[in-house]
Amino acid sequence: MLGVILRRLSISAVILLVVSMLVFVATLLLPGDPAQAILGQQATPERLAALREQMNLNDPFIQRYLDWLGGLFVGDFGSSTASGGSVGALLGDRVVNSLVLMVAAAVISIPVGIIVGTYSALRRGKAGDHAATGISLVLAALPDFVIGIVLVALFSTTVFRVLPSVTIAAPGEHVWDYPGQLILPVLTLVLVVIPYIIRMMRTTMIEVLDSGYVEMARLKGVPERQVIWRHALPHAIAPVAQVVAIQLAWLAGGIVIVEFLFRYPGMGQALVDAVTNRDVQVVQALAMLIAAVYVVVNLLADIVGIMTNPKLRTGGMR
Amino acid sequence: MSTIDTHTETPVTIDETPPGLLRRILRQRQAKVGLALTGVIVVLAVFGPLLLPWLTGYTSTEFAGRPFQPDGLFGTDNLGRDVLSRFLDGGLSLLVFAALATGLGMLVGTAAGMLAAYQGGWLDSVIMRGNDVLLALPQLVFALLAITVLGPQGWVVVLVIGITHAPRVARVTRSAASAVITEDFVRASEMYAVPRWKILAKDVLPNITGPLMVELGLRMTYSIAAIASLSFLGLGMQPPAADWGLMINENRTAMTLQPWGVFLPVLAIAILTVGSNLITDAVARASATVEESK
């Protein structure tokens, strides 16, 4: 088992390395000179030369790539092309804010998704199941910003005006100091993620309920409650873990839209601003951060998959 | 004796020729609802621009009056342009870009997936590892990276959404195709020295249309969502062009004053994606029953 996990780990490391090359090459394709972009058109040639020297722009490409890659490991993300400030300082708080949003969305959507999916499977073909399936089909189709806008219309502008649709965080304050303003962004993310969890849970649960050992347990006279909790549910959870992981990884990208919509001061908002300003250093750093989250979550999902799969679990012992 | 024979034989022949995929799709209520929903929006988006100055009196970029006035059917937007005109003009670009991106992704993904499955060996490894790398970046982040470098232009959006679809399509194609290439008819074609591309196009491709159709529907839904999202972020279509995603972005800050500027495009995008998802779901069910009846 350890061998399989180590193999998987090294694949992830290689993937991240290739992604970093891809992201770095993007800078080379960009027209114009970063030093010029920071200092503006009026800069004297001496200052330009000095800044180029300071930013190591005169070094060969490979050298710059290695410097940048090395910097990523020690938290040095370079300096912003637009503002000249340190990218790391710019992103510190925002990463935390985004994680708050992602974790809150995950903590709500995973149990609710599993419960609704199980309920749907147990009441297969009845009204409750049809409602859950229909709603998740519609939600799965809607783009994230459409769900967000509808929520804003419902709860903060047109129908009711009970929740704020814009996030306000003064410097020195935390976004979670005002829990009310987190409700709509988190709810949007939950509604975006949950249909996939419900669907997968329903499908696997139906499969498990139709299986031989559940029938056996029922025929033995095991109470129905125990059949569901002890025999069926644990076996249905494993494949759902995979879907949950994919959705969590997806959240790393999905927050971009939601943060932009609610003006939430997180990584996604920073990314959109950086793209609008063509601030390459910030875009690079954020792309790497998001890719890293994505790859790590997928890796964890695979490791859970390996550890719960008896064939692979015993494979290493031979 | 002969009567019994015909009796036992007739049901067998019926089973051997199940109705075609299209017929089985259309037999489902979901597919009909989905087709009706998407149909309405497609007709609106395609014929809307043709009706333009004639129906509302204004083109989509012309100023009709002061901002947020109740002039015309749905009033004016933040710059005083007619909301209905902009709505009618704003759907075609989304549909065309989404269709092009989906087409590109399906083409590249199917070709790569079939090649990987058929050739195997190092080519298979290279293609699938390349897939893994592309899949390590969320679609939207990849798109934003490309837009930073190349600028927010139509072809960039189409290209980047198409490319991000390709690895996902390639995975599905590869797994579907690898079940087909071991069949005897492929072996037979190989023995007759039929060219490789011909085997893939004539023997393999027709046998994986089911999963590919499902993938086509899924990718179309995601393309519409992704392209509308980019426009919504202000990184797709650029002002003053009329575009549903962009319209939502322009008018959302004044939703209490002028709800139609947001509601009309949101409604259109929602109907479009729900419709195409319903069709995809029907296709998936129809192709699953084919697999079972085999």
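Predicted model: local features only at pLDDT ≥ 70, side-chain atom pairs only at ≥ 80, totals over all residues.
A residue counts as buried here if 20 or more other C-beta atoms lie within 10 Å of its own.

**Stop 1: helix 8 of chain B**

Select residues 139-150 of chain B, which form helix 8. Buried here are Gln139(B), Leu140(B), Val141(B), Phe142(B), Ala143(B), Leu144(B), Leu145(B), Ala146(B), Ile147(B) and Thr148(B). Because 10 of its 12 residues are buried, helix 8 of chain B is largely enclosed by the rest of the structure. Now check the length of helix 8 of chain B: at 1.5 Å a residue its 12 residues should span 16 Å, and the end C-alpha atoms are 16 Å apart, which agrees. Move on to Gly151(B), which follows helix 8 of chain B and has a positive phi, near 90°.

**Stop 2: helices 10 and 11 of chain B**

Select residues 184-191 and 196-204 of chain B, helix 10 and helix 11. Their axes lie 11 Å apart and the packing angle is about 150°. Angles over 145 degrees count as roughly antiparallel, and therefore helix 10 of chain B is roughly antiparallel to helix 11 of chain B. The crossing of these two helices of chain B is right-handed.

To see the contact, show side chains for Phe185(B), Val186(B), Ser189(B) and Glu190(B) on helix 10 of chain B, then for Ile199(B), Asp203(B) and Val204(B) on helix 11 of chain B. Colouring by class gives 4 nonpolar, 1 polar and 2 charged residues in this contact.

**Stop 3: chain A as a whole**

Switch to chain A and display it as a cartoon. Chain A has 13 helices and 0 strands. Of its 318 residues, 38% are buried. Take the contacts in chain A between residues at least 6 apart in sequence: 69% of them join residues at least 24 apart.

**Stop 4: helices 5 and 10 of chain A**

Select helix 5 of chain A, residues 87-122, together with helix 10 of chain A. They pack at an angle of about 150°, with axes 10 Å apart, and the crossing is right-handed. On helix 5 of chain A, the contact residues are Ser98(A), Leu101(A), Met102(A), Ala105(A), Ala106(A), Ile110(A), Ile114(A) and Thr118(A). Helix 10 of chain A contributes Leu233(A), Val240(A), Val244(A), Leu248(A), Leu251(A) and Ile255(A). By class, this contact has 12 nonpolar, 2 polar and no charged residues.

**Stop 5: helix 9 of chain A**

Select residues 212-220 of chain A. This is helix 9 of chain A, which is hardly covered: the count of buried residues among its 9 residues is 0. Gly221(A) follows helix 9 of chain A, with a positive phi near 95°.

**Stop 6: Leu6(A)**

Centre on Leu6(A), in helix 1 of chain A. Leu6(A) is exposed, with 10 other C-beta atoms within 10 Å; the cut-off for exposed is 12 or fewer.

**Stop 7: where chain A touches chain B**

Show both chains. The contact involves 41 residues of chain A and 34 residues of chain B. On chain A, the helices that each supply at least two residues to this side are helix 1 (2-29), helix 6 (127-141), helix 7 (144-155), helix 10 (224-262), helix 11 (267-276) and helix 12 (280-308). Colour that side of chain A by class to find 35 nonpolar, 4 polar and 2 charged residues.

Conventions: Residues numbered from 1 in each chain as written. Chains lettered and ligands numbered in written order. Helix = DSSP H or I, 4+ residues; strand = E, 2+ residues; numbered from the N terminus. Contact = placed C-beta atoms within 7 Å. Nonpolar A, V, L, I, M, F, W, Y, C, P; charged D, E, K, R; others polar. Axes fitted to C-alpha atoms, helices over the stretch in contact; angles between N-to-C directions. Parallel < 35°, antiparallel > 145°, perpendicular 65-115°, else oblique. Left-handed = near helix turned anticlockwise from the far one by under 90°. Expected span 1.5 Å × (residues − 1).
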